[in-house]
Amino acid sequence: MKTNSKKDIRSMTKEQLRDFFVEKGDKAFRGNQVYEWLWQKSAHSFDGMTNVSKETRELLDANFVINHIKVDQMQRSKDGTIKNAVRLHDGLIVESVLIPTSKRTTACVSSQVGCSLDCKFCATARLKRMRNLNPDEIYDQVVAIDSQSKLYHNMPLSNIVFMGMGEPLMNYNNVLKAIDKITSPEGLGMSSKRITVSTSGVPKMIRKMADEKVKFKLAVSLHSAIDEIRTSIMPFNANFTLKDLRESLQYWYEQTKSRITYEYVVWQGINDSKKDVDALVDFCRFAPSKVNLIEYNPIDDGEFRQASNKAIEMYVNTLEDNGITVTVRRSRGKDIDAACGQLANKS
Ligand code: SAH
C-alpha cells in the first residue's frame with residue numbers, strides 16, 4: 001500500500017479508533033491506549049508505542065500514517081525569541097514562534113499555509129492561502145514550542161496566540177478542534193483562558209463563536225475604525241464593513257462577557273491624526289476594550305511607515321482619557337523576521 005493512500009490517524013475520534021479495533025477483533029480499550037499515544041504523548045511513530053503489541057503496531061502501520069510536523073529549522077533571536085520553520089507532511093512550510101518574557105512564554109502559531117486575506121502591510125498576505133492546517137498540525141506546533149520552552153526557558157508554555165500565518169476564523173473548525181485538544185486533559189490540559197484567537201474580523205464567525213460560548217480570548221486586528229481607511233489597507237473590509245464588525249463584537253461581548261483586545265498599528269499619514277484616534281475611541285465604546293499598539297515591522301517598499309512618537313503619545317493619552325486600557329508593544333524577534341506580519345517563509 002502506498003503511504004499517501006493511508007488515512008491520517010489523528011483525523012479519527014477516539015470512538016472511531018475504538019470501533020476500528022473492535023472490527024479487527026481486538027478490544028475497544030486498545031483504541032484508548034493508541035489515542036493517548038497520539039495526543040497526550042504526541043507519538044511520532046507507531047514503533048514508539050511501547051505498551052501495545054508488535055502485531056497491533058503493524059496493523060496500525062498498514063492502515064494509517066501519523067502526519068507529524070517536523071521542525072525543519074529553528075532560529076534564535078538575540079532577545080530569546082525562537083522562530084520555527086515547520087515542515088508539513090506534504091512538504092509545505094509554516095512558521096511558529098516562541099516569545100519568552102521573564103514570567104511567561106507564549107507560542108504564536110499558524111492556522112493556514114499563507115493567508116486568505118489581503119492586508120497590504122503583512123508579509124504573509126503575499127503568500128496567498130495555500131491550504132488550511134489540520135487540527136493535528138496546529139496541535140503539533142504547540143507541542144514543539146512547549147518542549148522548546150522547557151528546554152530553553154525552564155518552564156512549560158504558558159500562553160498561546162493564534163497570530164502566526166493565516167486567518168484562524170477562515171479555518172474555524174480545525175482551529176476549534178485543535179483548541180479542544182490543547183485544553184483537554186487527553187491532550188495538553190492547558191487553560192482556554194491562556195489562549196487568544198486573533199482575527200482580522202469576520203463578523204459571521206465572531207457571532208458563531210459567541211453562540212458556542214467559547215472560553216478563549218478574542219483579539220481583533222483593527223488598524224482603523226474608519227471604513228474608507230480600513231478598506232484601503234485591509235481590502236476585504238469592503239465586504240464586511242466596520243458596522244457589521246462592531247455589531248458582531250457587541251454580540252460577542254453580550255454572550256461571553258469577555259473583554260476584546262484590538263491590535264492596532266499607527267502609520268504615518270494613514271491613521272495618525274486626531275480623527276483616527278477619535279474614531280477608535282468611538283468604536284471601542286460598546287464593551288470593555290484594550291488596545292495594543294503594535295510597532296510596525298517594515299516588510300519592504302516604504303509605503304507604510306511607523307508613525308512618530310508624538311502620534312503614538314496622542315493615541316495613548318486619548319485612549320487613557322476615555323478609560324480604555326492601552327499598551328505599547330515593542331516587537332520581538334525582529335532580527336530573525338519573527339515579528340508580527342513578518343512570517344513569510346523567508347528562511
Ligand atoms: N489573521 C489574523 C491572525 C494574524 S495576527 C489577524 O489578522 O488577526 C498577526 C498580527 O500582526 C495582526 O494583528 C496583523 O494585523 C499584524 N501585522 C501584520 N503585518 C504587520 C506588520 N508588518 N507589522 C506589525 N504588525 C503586523
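**Exercise 1. Is Cys119 buried or exposed?**

Before starting, note that this is a predicted model, where local features need pLDDT of at least 70, side-chain atom pairs count only at pLDDT 80 or more, and totals for chains, interfaces and linings use all residues. Residues are numbered from 1 along each chain as its sequence is written, and side-chain values use heavy atoms, with hydrogens and water left out.

*Solution.* 
- Step 1: take the cut-offs, where buried means under 20% relative accessible area, exposed over 50% and partly exposed in between (1.4 Å probe, protein chains only).
- Step 2: Cys119 has a relative accessible area of 12%, so this residue is buried.

**Exercise 2. Find how many disulfides the structure has.**

*Solution.* 
- Step 1: look for pairs of cysteine sulfur atoms within 2.5 Å, which is what a disulfide means here.
- Step 2: searching the whole structure gives zero disulfides.
- Step 3: as a check, the cysteine sulfur nearest to that of Cys119 belongs to Cys122 and is 6.1 Å away, and Cys119 is in no disulfide.

**Exercise 3. Describe how helices H1 and H2 pack.**

*Solution.* 
- Step 1: locate H1 at residues 14–23 and H2 at residues 29–38. Helices (H or I, at least four residues) and strands (E, at least two) are DSSP runs, numbered from the N terminus.
- Step 2: the angle between them is about 135°, and their axes are 8 Å apart. Axes are lines fitted to C-alpha atoms, for helices over the stretch in contact, and angles run from 0 to 180 degrees between N-to-C directions.
- Step 3: H1 is therefore oblique to H2. Angles under 35 degrees count as roughly parallel, over 145 as roughly antiparallel, 65 to 115 as roughly perpendicular and the rest as oblique.
- Step 4: on the H1 side, the contact (heavy atoms within 4.5 Å) is made by Lys14, Leu17, Arg18 and Phe21. Residues from H2 include Val34, Tyr35 and Leu38.

**Exercise 4. Now work out how H6 and H8 are arranged.**

*Solution.* 
- Step 1: H6 covers residues 203–211 and H8 residues 237–256.
- Step 2: they pack at about 5°, with axes 8 Å apart, so H6 and H8 are roughly parallel to each other.
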